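Student: I am new to this structure. Please take a close look at a single part, then connect it to the rest.

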Amino acid sequence: GSGTSPVAMAVPLTGLAPATTYYFCALAQSSHGTSMGVVLSFTTPAAPPGVTTDAASDLTDTTASLNGTVNPNGSATTGWFRYSTSDPGVCDDSFGTRAPSSGGSSLGAGNTPVGYSIPVTGLSPATTYYYCAIASSAIGTSFGQVLSFTTPAAPTVTTEAGTTGTST
């Protein structure tokens, strides 16, 4: 507008990267010229880790490897899993069994996805398990989607009567 009173101006920004410093200044233009305000800065808050639950691997009748992928988003991050024979619906850090029981895989503090895997043992044969990946940093804890796998059945063995043989 025109006049001699200050007027507030705000422009929303989208698509900014987490944990990044941005510099800005206000510009105003009229028929009398262009003026520039002082340069200021702000830093966007860091994001919690991004986590994806990946397909389980190395399945046997009593073991499996649980797999996940995490983007630490610039903060030191640790990853672990939860698993159970009951479907929790959504991943949280309270259902079933934690793998490992404490701590987890150190996933660094980078800004690119990192895969991790934790083996679990003592599973029951021919049983469906539900699991999810979890990652935590100083910024927050994130949860992957719930996936499932079924352990194969244990092999069966039948002993049959021997047959008549020779002395050798």
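Tutor: Val-11 lies in the segment before strand S1 (21-24); strands are DSSP runs of E, at least two residues long, and helices are runs of H or I, at least four residues long, numbered from the N terminus. This is a predicted model, in which local features need pLDDT of at least 70 and side-chain atom pairs count only at pLDDT 80 or more, while totals for chains, interfaces and linings use all residues. Residues are numbered from 1 along each chain as its sequence is written, and side-chain values use heavy atoms, with hydrogens and water left out.

Val-11 has a relative accessible area of 62% and is therefore exposed; the term means over 50%, buried means under 20%, and partly exposed is in between, with a 1.4 Å probe and protein chains only. Together with Met-9, Leu-13 and Leu-16, Val-11 forms a nonpolar patch on the surface, with about 420 Å² of accessible area in total. A patch takes residues with over 30% relative accessible area and no salt bridge, joining nonpolar side chains (Val, Leu, Ile, Met, Phe, Trp, Tyr) within 5 Å and like charges within 9 Å. The areas come from the Shrake-Rupley method with a 1.4 Å probe, and for residues only the protein chains shown count as cover.

Ala-8 is also in the segment before S1 and is exposed, at 79% relative accessibility.

In soluble globular proteins, nonpolar side chains tend to be buried together. Here the largest nonpolar core has 18 residues, and Leu-66, Tyr-83 and Phe-149 have the most contacts inside it. A core is a set of buried Ala, Val, Leu, Ile, Met, Phe, Trp, Tyr and Cys residues joined through side-chain atoms within 4.5 Å. Strands S5 (50-57), S6 (64-71), S7 (78-84), S10 (114-120) and S11 (128-136) each give two or more residues to this core. S11 supplies the largest share, 4 residues. Beyond four places in sequence, Phe-149 is in contact (heavy atoms within 4.5 Å) with residues including Ala-56, Leu-66, Leu-123 and Tyr-131.

Apart from that core lies another, of 5 residues, among them Trp-80, Cys-91, Phe-95 and Cys-132. Cys-91 and Cys-132 are joined by a disulfide, S to S 2.0 Å; the cut-off is a pair of cysteine sulfur atoms within 2.5 Å. Cys-91 is in the loop between S7 and S8 and Cys-132 is in strand S11, so the bond ties together parts that are 41 residues apart in sequence. The link is right-handed, with 65 degrees about the S-S bond, and both cysteines are buried. The whole structure has 1 disulfide.

The loop between S7 and strand S8 (97-99) also holds Asp-93, whose partner Arg-82 is in strand S7, 11 residues apart. Asp-93 and Arg-82 form a salt bridge, the closest N and O atoms being 2.9 Å apart; such a bridge needs a side-chain nitrogen of Lys or Arg within 4 Å of a carboxyl oxygen of Asp or Glu. Asp-93 is partly exposed at 31% relative accessible area, whereas Arg-82 is buried at 11%. The structure holds 1 salt bridge.
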